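Have a look at the model on the screen, and I'll walk you through a few spots.

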Amino acid sequence: MDKPTVLTPQQIEEALQNLPGWTFKDDKISKEFQFADFMAAFTFLSGLAPYFEEMDHHPDIHIFYNKILFELQRFDSGGKVTDRDIIVAQEIERRFASL
């Protein structure tokens, strides 16, 4: 797997145009997703865990009963947003849309 490329703020904002609801703040991109209940949220997250491991990308994840907040940045890239963060956000969106 190629080393992630750090994106400029302009590149991040351009990428987020195709990721509705995602925001860029404090050197990370984030979005909160809502589910029917805790088990639905946890099941969704459990399904993503192998993908995160495969991508060598482990986002900060906050669970609030039926909501999950994902915060993406690369700590090995100085805590910056990279192209891999965008790829992971796209996959989260794809899987959420398929529910």
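Let's start at the back end: Leu 99 sits in the segment after H3. Helices here are DSSP runs of H or I with at least four residues, strands are E runs of at least two, and both are numbered from the N terminus. Quick housekeeping: residues are numbered from 1 along each chain as its sequence is written, and side-chain values use heavy atoms, with hydrogens and water left out. Also, this is a predicted model, where local features need pLDDT of at least 70 and side-chain atom pairs count only at pLDDT 80 or more, while totals for chains, interfaces and linings use all residues.

So, is Leu 99 buried or exposed? Exposed, because its relative accessible area is 67%; the cut-offs are under 20% for buried, over 50% for exposed and partly exposed in between, with a 1.4 Å probe and protein chains only. Leaving out residues up to four places away in sequence, Leu 99 touches Phe 35 and Phe 44, where contact means heavy atoms within 4.5 Å.

Phe 44 brings us to H2, and Phe 44 is one of the buried residues there, along with Ala 41, Leu 45, Leu 48, Tyr 51 and Phe 52. Their cover includes strands E3 (60-64) and E4 (67-72) and helix H3 (83-97). At the N-terminal end, Asp 37 is the cap, with a side-chain oxygen 3.3 Å from the backbone nitrogen of Met 39. Further along, H2 bends by about 30 degrees at Leu 48, and Pro 50 follows within four residues. That bend is the angle between axes fitted to the seven residues ending there and the seven starting there. Just past the helix, Asp 56 has a positive phi of about 50 degrees.

Now the largest nonpolar core, which has 24 residues; touching the most other members are Trp 22, Ile 29, Phe 52, Phe 70, Leu 72 and Ile 92. By core I mean buried Ala, Val, Leu, Ile, Met, Phe, Trp, Tyr and Cys residues joined through side-chain atoms within 4.5 Å. H2 gives the most to this core, six residues.

Last stop, Glu 93, in helix H3. Why does Glu 93 count as buried? Because its relative accessibility is 17%. Its side chain makes a polar contact of 2.7 Å with that of Trp 22. For a polar contact, we need N or O atoms within 3.5 Å, one able to donate a hydrogen and the other to accept it within protein, and residues adjacent in sequence count only if both are side-chain atoms.
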